[in-house]
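Subject: Structure handover

Hi,

Here is the structure we talked about. My notes follow below it.

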Amino acid sequence: MAYPYVKLAAGIALAAGAFAATAAARPPERLEIILRPLSVHQTIRGFGASDAWSVQFVGKSWPLEKRERVADLLFSLEERPDGSPVGIGLSLWRFDVGAGSTPQGAASNIRDRWRRTESFLRPDGGYDWSRKAGQRWFLRAAKERGVEHFTAFSNSPPVAFTRNGRANSSGGDSTNLAADRYEDFAGYLTRVVAHLQESEGVHFDFVSPVNEPQWDWKDGQEGSPWRNAEIARVTRALARSLEEAGLDTKVKIGEAGKLTYLYERADRPRRGDQLAAFFERSSPLYLGDLPNVARGLSGHSYWTTYPADTLVAVRARVRARLEHVDPGLEFWQTEYCLLENNPRVRGAGRPEGMDAALYAARVLHADLTVADASVWNWWLAVSPYDFKDGLVYVDRDTLDGTVSPSKLLWALGHYSRFVRPGMERISVSRSDSAAAAPGRRDVLVSAFTDPARGRSVAVVVNTGADEVRMSFAGAGARRLGRYLTTAQRGDDLRFLGWIPAGREIRLPPRSMMTVVFD
């Protein structure tokens, strides 16, 4: 079936130009940005990260002072005496339910013990709620610091319910969940959500039963492939189970391994084109009539971020496909880190300076402004790895170690700390006409408004080698607050103070700034 993408071709090409870096271009005399609060796009649900996998050790055995330090960096909404944020104020937290590979040790087919997980399910079918102590500590820490939304997610069904007795697959394109265990798996997820809400006081908005179903997940970590028909079956079972338990938690579906699987079958014909499979009314797998299935589809931004033409075109197709299938559906970007190896970024090695932060910010900006993402999640909140996958880095020690916040943390914080749940993205106009022509291509601007408080914020990303002179209008503000991140030590959402509205702002090369309009 053909879809109405042709009419977007010109817009995609122009938008791609707006994302392409042009180091040779000279900065304009002054870039003027006009906020358009009457031109409203999506409502933001929040920004978050997951507790996989390091939190199980850090939250359980590390000294309390260091646990609190990590939690403050991730969740705190407090300010230092100079007005700079203590942390990035995540508003979403993803809890890994776990499949129980930890007791299996090397037999789990997961060599790295940090990637194995506990499960609340005992071999005799009972539950041991003392498990996952580290993750439960961070659940409480998140709630205490103001995190508003929680998702329970599953990479694999519990090992007792799988075909091969492991938390990863033996191969093939079908689920590792045993055919007679769908209701058991649904009941397990329901029981975990219900217990944690009661024992930890944490309300789970969503439960996500599958993760990246397009991959085969043969080793390395917990995971399972899922055909669309199998996802539909487990979703229906889970929806019934949640309803019978009297829970208002909704089932979140999708979690596509890359965004193209939301709108095309590609190389996974039984596992792709998820939008049509689950939300086209004519589909035999239609789930849109289930009241406790969330009205959105989630996907991961991996492998679609370079070059600029691909970054923009893929997200434009996601948006167009959503509009075609059901304009009421939201798009949620629920997992991303820097896996890519391309001329702009290398996944290997911990992030240094602003390179990785600016690359991630470009992806985040595209997800928000082209695909209209309502949710945006990073992958590992805490990482022990020599890889660009974490916000906060720790030593590979189960008992103690150093805590090192990255520039990736603060890059996400430019959005998560200031763009709060319920805010709306609004249009902006630029003096260089970058919304309709290439213009100043290395400066990215997005803006958001809080209808309840009458307050707006703008996030500006300068990927170029030149300082940018800027001014803002249209917000009806008396003063502007500025928060800056650069490669310099200490420039981590550093508060620069308030200035009168209309005054020129200077944005350093290769930096990010959030402007608060008051």
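A crossing is left-handed if the near helix is turned anticlockwise from the far one by less than a right angle, and right-handed if clockwise. By that rule, α5 passes α6 in a right-handed crossing.

Two notes on the source. This is a predicted model, with local features needing pLDDT of at least 70, side-chain atom pairs counting only at pLDDT 80 or more, and totals for chains, interfaces and linings using all residues. Residues are numbered from 1 along each chain as its sequence is written, and side-chain values use heavy atoms, without hydrogens and water.

**Helix pair**
Helices α5 (residues 182–199) and α6 (residues 228–244) pack at about 50°, their axes 8 Å apart. (Helices are DSSP runs, H or I, of at least four residues, numbered from the N terminus. Axes are lines fitted to C-alpha atoms over the stretch in contact, and angles run from 0 to 180 degrees between N-to-C directions.)

**Cavities**
The whole structure holds two cavities of 30 Å³ or more. (A cavity is a set of points on a 1 Å grid over the protein atoms alone where a 1.4 Å probe fits but cannot get out; lining residues have an atom within 4 Å of a point. A volume is the space filled by probe spheres set on the points, joined across faces, edges and corners.)

- A360, L364, W376, W378, L408, A411 and L412 line it. Helix α10 gives the most, three residues.

Best wishes

Technical notes:
Helix = DSSP H or I, 4+ residues; strand = E, 2+ residues; numbered from the N terminus. 1 Å grid on protein atoms, 1.4 Å probe; cavity = no way out; pocket = protein on both sides within 12 Å on 5 of 7 lines; lining within 4 Å.
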